[in-house]
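Trainee: Could you show me how to read strands, sheets and helix packing in a model like this one? I would like the general idea and then the case at hand.

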Amino acid sequence: MNSNKVLDAKGLACPMPIVRTKKAMEELESGQVLEVHATDKGAKNDLTAWAKSGGHELIEDREEDGVLMFWIKKG
Amino acid sequence: MSVRPMNAKEVANKVINKEAFFILDVRNESDFADWKIEGEQIEYYNIPYFELLDGVEEILDKVPTDKEVLVVCAKEGSSMMVAEMLSGQGLTVAYLAGGMKAWSEHLEPIKVGDLKDGGELYQFVRLGKGCLSYMAVSNGEAAIIDATRMTDVYLTFADEIGATITHVFDTHLHADHISGGRTIAEATGATYWLPPKDATEVVFKYEPLEGGMDVSIGNTTINIHALYSPGHTIGSTSFVIDEKYLLSGDILFIDSIGRPDLAGMAEDWVADLRNSLYKRYRELSEELVVLPAHFMIIDEINDDGSVSEKLGTLFEKNHGLNIEDEQEFRKMVTENLPPQPNAYQEIRETNMGKVTPDEDKQREMEIGPNRCAVR
């Protein structure tokens, strides 16, 4: 899946993955896609809820070798 | 102003003492709706921490400024962040050390009574999960019933009171929490007992716990009498200790009764459940003090923090013990049941020894409320 920017949030504990995601998202244009890699188990729940509340779209998420990967389209 | 960590023990004391306090829960709305710190006098406000990244100004009118606010999240990190932001606004703030994870794992030992010749019975209340476990002590020997996976708590407690753990029991194969029974038995050399009908698939050694069996603790023979009481599971066994206490496992609770569906056998086990509750228990002394393996709602907790009630009182007041019509009873325990406990299948397999998840995984499997009862 294509993304305009990749954020490496691996090894960061809550709340940092969301804090960094928010910051990275601010640098994107509406419609662009941010790819986030995280290892914090809570990230899935939180990113899903955060994207929804911010009007963004979580296009896809999957897990590879313990790394949670998300593709979020800026709203 | 700096923020202070408040540990789970302090929160437990506040809950038990029915203190009024304010919780700002910064987890997702769905997590908060599913499971939270409960207490009679707690006021809550829930807003996810990620709504507050730009500042806490918008919630200042939602939290009290004249008393301490406890900020709670899943693990700790985001509550710490929000607590610091609130503190920066001049509020008095604490955060829950270790988050809901620590709350879920906290055990509060409470003495429920004396046994013969200096013996004592303790109840370990897991407020965050509703699990209850027990330690009967006599003359330097201890028996543990329905231990949680936080086994250090029991080992340390026994050590502190100078008791050696000689017997460990599980009233049934649990579906809502991971048993610490086997681990304790391995660590202490104690005998581990499990009802054989629940143990057909277990892959470890155990002593078959059967109805009618007596086990004595200490040389003053505190008597632990096993009473076969199937229904929640087919092996479910209750205990009468010292002819005074009825440890009812997941068959009978204070305000509810056990559910028969967690092994997928509701239709088969409902008659056993009825028989255990309406015949077997009816034959016991009404003076027995019922000590269940769970509580469901905070109202079931007594003023001293323990969960117990006389059997006679439950025969009068517990709705599940007062359904005359068998069909109506069958309907209640097989239809419209509450959601099943989180990961209950995996938990059963863990308790059978078939799978051995790491500690993080075990913690995750147990998260959330216990749901072993029907009301």
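Mentor: Let's start with the open sheet of chain B: seven strands in the order 6-7-8-9-10-11-12, with mixed pairing. Two strands pair if DSSP finds at least two bridges between them, and helices (H or I, at least four residues) and strands (E, at least two) are DSSP runs numbered from the N terminus. This is a predicted model, in which local features need pLDDT of at least 70 and side-chain atom pairs pLDDT 80 or more, while totals for chains, interfaces and linings use all residues. Residues are numbered from 1 along each chain as its sequence is written, chains are lettered from A and ligands numbered from 1 in the order written, and side-chain values use heavy atoms, without hydrogens or water.

Trainee: Which strands stand at the edges of that sheet?

Mentor: Strand 6 (108-114) and strand 12 (207-208) of chain B do; each has a single partner strand, so one side of each lacks a neighbour in the sheet.

Trainee: And what packs on the sheet?

Mentor: Helix 6 (residues 181-188) of chain B does, touching strand 9, strand 10 and strand 11 (191-194) of chain B. Contact means heavy atoms within 4.5 Å. The direction of helix 6 of chain B makes about 150 degrees with that of strand 10 of chain B. Axes are lines fitted to C-alpha atoms, for helices over the stretch in contact, and angles run from 0 to 180 degrees between N-to-C directions.

Trainee: How many bridges link strand 9 and strand 10 of chain B?

Mentor: Five, in the parallel sense, between strand 9 (residues 141-145) and strand 10 (residues 164-169) of chain B. For instance, B:Ala142 has B:Ile165 as its bridge partner in strand 10 of chain B.

Trainee: Is strand 2 of chain B enclosed or open?

Mentor: Buried means under 20% relative accessible area, exposed over 50%, partly exposed in between (1.4 Å probe, protein chains only). Five of the five residues of strand 2 (residues 21-25) of chain B are buried, so this strand is largely enclosed by the rest of the structure. One side holds B:Phe21, B:Ile23 and B:Asp25, and the other B:Phe22 and B:Leu24.

Trainee: Which strands pair with strand 2 of chain B?

Mentor: Strand 3 (residues 42-46) of chain B pairs with strand 2 of chain B in the parallel sense over five bridges, and B:Leu24 is partnered by B:Tyr45. Strand 4 (residues 69-72) of chain B also runs parallel to strand 2 of chain B, joined by four bridges; there B:Phe22 is partnered by B:Val69.
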